[in-house]
Amino acid sequence: MKLDGVMGQRVDKDRYSEAEFARFGELLAGQLAELHELLGRPGFGTGPATIGAELELFLTTPDGRPLPRNHEVRDAADDDRLTLELGRFNLEANLTPLPLAGRPFTALERELNEVLTLVGAAAEAEGGRVVAIGILPTLSELDFTHETMSDESRYRALSRGMRRLRVEPYRVRIHGAEVLELEVEGVILESANTSWQVHLRTAPADFARVYNAAQLAVGPVLAVSGNSPGFMGRRLWEETRIALFEEAADDRDLERLGRRDRRVAFGSGWVESPEELFAICVRDYEPVLPMTTHPTPAAGQEAVPSLAELRLHQGTVWQWTRPVYDPADGGHLRVEMRALPAGPTPVDMVANTAFLLGLTSALAVEPVEEFPFASAYRNFYRAAISGLDAALSWPGLPEEVPASRLALDLLPVARAGLDRVGVDPDDSGRMLEIIRERVTRRRTGSVWQREALAALGGDATAMVTRYRELGLSGQPVHAWPR
């Protein structure tokens, strides 16, 4: 969990007054008006499509238990791409943006391998290891205390801001193959989740179509990408991370239960404009980190505003598909796709990316909005719960079909979508073939974890050690031995 709007800004205190919260709210209203004006400028945010990605990682001991030394590992790695996460056993790597056309997946896989090698060496220097996995199976309740939160003002401020909205404890209830119920103080439980987040730079005129397309595409992609089958020794959802993150960051106390969506949510309808999404975040979600900046007045009539407070607020509302405004490079918008898990391997994550971007590109020129949003919503949560066995609906199909069959049928659609945006056919073909093999063999990361844990007599430390060893082999998870 990262605060996107804080990147590049120093949060120098962790307590804010009610007057500061009120002032922050006023600034948000003014910056929505600035965004409205900016989006109306001819040519704003246009240009070639680019992609970027963020990978959240676990640091572990050699036997696979969480290692709370992210400061030390980041300093040892000495790489600007690495940032601290909420939990002291997490790091995040921010990969280099690159054009979508050409061979983006080869480049993405190469940089992922480079970063994991870098962080792995730094972790070993600190007596640890690095693992890309949706939820680390060796986590216990003792790993979620105030002492395990990263020692940074921004995270202490976030924790206090959430407690300002919700005084009562966070109660997590997840019903899967087994049932998990627990209660924790504060937001530290969010650090149990690590994700692979994909960004797609999108022109304002195309934004709503691309955003809606991504909302529909993510269901079948999530179904074939599961890598978080449980938590604290319970077998839960195929992608338990979805349920855990939503409940662990639910700021709705008894006074706010009337708000339909949690702070982490899929959404409640197709959108018509990017401005609508930013306005919903300001209207429906109270600020939790009211840090204000003092920007230097911009020179020139066409200067792009920072909108620092709006960006910061947006970074504390964690929709599974989220709009991003970035003032860099003349200013632009991105669709951030946040639902995919970290791991198991670089090539698996890049294959998931190819499938998601391909489907999104193909659906962006189709009348997605004619499909009931409620069906897309159900697809997302059914995919998270049941993975390959989820019953999904799809435009043009008279009835629901298993996610495994739908995914295979959608691979040519994804391939056509990537062709449309100029991806080299060899680059897309190799990645989509990995998806085909994974689905055909029914070997997602979640399936492998469950089978390995059973074979090892429930020894989670041994399973994590084996998972990491196989991950270093470079082979996609469908090729891992049973």
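**Aromatic rings and the nonpolar core**

Ring pairs join Phe245, Phe266, Trp270, Trp318, Trp320, Phe373, Tyr377, Phe380 and Tyr381 into a cluster. The model is predicted. Across the whole structure, a search finds 18 aromatic pairs. A pair of aromatic rings is described by the distance of the centres and the angle of the planes.

**An edge-to-face pair**

- Phe144 and Phe231 have ring centres 6.0 Å apart and planes at 65 degrees, so this pair is edge-to-face.
- The pair links distant parts of the chain, 87 residues apart: Phe144 is in the loop between β5 (129-131) and α4 (153-165), and Phe231 is in strand β9 (residues 230-231).
- Phe144 counts as buried because its relative accessibility is 8%, and Phe231 is buried with a relative accessible area of 2%; the cut-off for buried is under 20%.

**A stacked pair**

- The ring centres of Phe207 and Tyr211 are also 6.0 Å apart, but their planes are at 25 degrees, so this pair is stacked.
- Phe207 and Tyr211 are separated by about one helical turn, because they are four residues apart in helix α5.
- Phe207 is buried at 0% relative accessible area, and Tyr211 counts as buried at 3%.

**The largest nonpolar core**

- This core has 151 residues, and Trp196, Phe231 and Phe355 have the most contacts inside it.
- Helix α5 (residues 204-223) supplies the largest share of the core, twelve residues.
- Leaving out residues up to four places away in sequence, Phe355 touches residues including Pro220, Val221, Leu410 and Ile435.

**Charges over rings**

- The charged end of Arg164 sits over the ring of Phe21, 3.8 Å from the ring centre.
- Arg166 lies over the face of Tyr170, 4.9 Å from the ring centre.

Notes:
Residues numbered from 1 in each chain as written. Predicted model: local features only at pLDDT ≥ 70, side-chain atom pairs only at ≥ 80, totals over all residues. Heavy atoms only, no water. Core = buried A, V, L, I, M, F, W, Y, C linked by side-chain atoms within 4.5 Å. Buried < 20%, exposed > 50% of the residue type's maximum accessible area, 1.4 Å probe, protein only. Helix = DSSP H or I, 4+ residues; strand = E, 2+ residues; numbered from the N terminus. Contact = heavy atoms within 4.5 Å. Phe/Tyr/Trp six-rings, centres within 6.5 Å; stacked < 30°, edge-to-face > 60°. Lys NZ or Arg CZ within 6 Å of the ring centre and 35° of its normal.
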